[in-house]
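Q: I would like to learn how to read a model like this one, feature by feature. Where do we begin?

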Amino acid sequence: VQLQASGGGLVQAGGSLRLSCAASGSIFSINDMGWYRQAPGKERELAATITRGGNTNYSGSVKGRFTISRDNAKNTVYLQMNSLKPEDTAVYYCNADLRRHWYDSIGTSWGQGTLVTVSS
């Protein structure tokens, strides 16, 4: 299973970016999907998660500015980031809780990360 994240880049404060993460390979089902981020010198932290049914959860630092969504048919999760701030600068990682086969237990797969840099 591979999770391929894309959409990062350099943006000015107040701007927007949309991240995408597509899961591919042998996948039976995907439960929760999410975005985490790791700023330089800091630990990885939750940004947002979404259940298969579309229920969402956001960290306090991004709530109201970021929107997570998913396309179950495409095994893809998105993160729309608006009103970006310099403190949003980080490597953004996607993940998915999934089963590779019907008989497998649920495991978590991670994408490779995409860098978001917000200039002031």
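A: Begin with one residue. At 79% relative accessibility, glycine 64 counts as exposed. The scale runs as follows: buried means under 20% relative accessible area, exposed over 50%, and partly exposed in between, with a 1.4 Å probe and protein chains only. Glycine 64 sits in the loop between strand E6 (56-58) and E7. Its C-alpha is 9.7 Å from that of methionine 81, 17 residues away in sequence.

Q: What kind of model is this, and how are residues numbered?
A: This is a predicted model, in which local features need pLDDT of at least 70, side-chain atom pairs count only at pLDDT 80 or more, and totals for chains, interfaces and linings use all residues. Residues are numbered from 1 along each chain as its sequence is written, and side-chain values use heavy atoms, with hydrogens and water left out.

Q: How many helices and strands does the protein have?
A: Strands (E, at least two residues) and helices (H or I, at least four) are DSSP runs, numbered from the N terminus. Here there are zero helices and 11 strands. The pattern along the sequence is β-β-β-β-β-β-β-β-β-β-β.

Q: How do I read the radius of gyration of the protein?
A: Compare it with a rule. The radius is taken over C-alpha atoms, and the globule rule is 2.2 Å times the number of residues to the power 0.38. For 120 residues, a compact globule would have a radius near 14 Å; the protein has 14 Å, so the two agree. The C-alpha atoms fill a box of roughly 50 × 25 × 25 Å along the principal axes.

Q: Which share of contacts joins residues at least 24 apart?
A: Contact means heavy atoms within 4.5 Å. Take the contacts between residues at least 6 apart in sequence: 54% of them join residues at least 24 apart.

Q: How far apart are the mean positions of the positive and negative charges?
A: Lys and Arg count as positive, Asp and Glu as negative; His and the chain ends are not counted. Each charge is placed at NZ of Lys, CZ of Arg, CG of Asp or CD of Glu. The protein has 12 positive and 8 negative charges, and their mean positions are 4 Å apart.

Q: Which cysteines form a disulfide?
A: A disulfide is a pair of cysteine sulfur atoms within 2.5 Å. The structure holds one. Cysteine 21 and cysteine 94 form it, with their sulfur atoms 2.0 Å apart. Cysteine 21 lies in strand E3 (residues 17-24) and cysteine 94 in strand E9 (residues 90-99), so the pair ties together parts 73 residues apart in sequence. The torsion about the S-S bond is about 55 degrees, so the disulfide is right-handed. Both cysteine 21 and cysteine 94 are buried.

Q: What does serine 109 touch?
A: Leaving aside neighbours within four places in sequence, serine 109 contacts Val1, Leu3, Cys94, Asn95, Ala96 and Leu98. Serine 109 is in strand E10 (residues 107-110). With a relative accessible area of 12%, serine 109 is buried.

Q: Which residues have a positive phi although they are not glycine?
A: Most residues other than glycine have a negative phi. Asparagine 75 has a positive phi of about 50 degrees. Asparagine 75 lies in the loop between strand E7 (66-71) and strand E8 (76-81), and is partly exposed at 23% relative accessible area. Serine 83 also has a positive phi of about 50 degrees. Serine 83 lies in the loop between E8 and E9 and is partly exposed, at 42%.

Q: What does serine 119 contact?
A: Serine 119 lies in strand E11 (residues 114-119). Beyond neighbours within four places in sequence, serine 119 contacts Leu10, Val11, Gln12 and Ala13. Serine 119 counts as partly exposed, at 27% relative accessibility.
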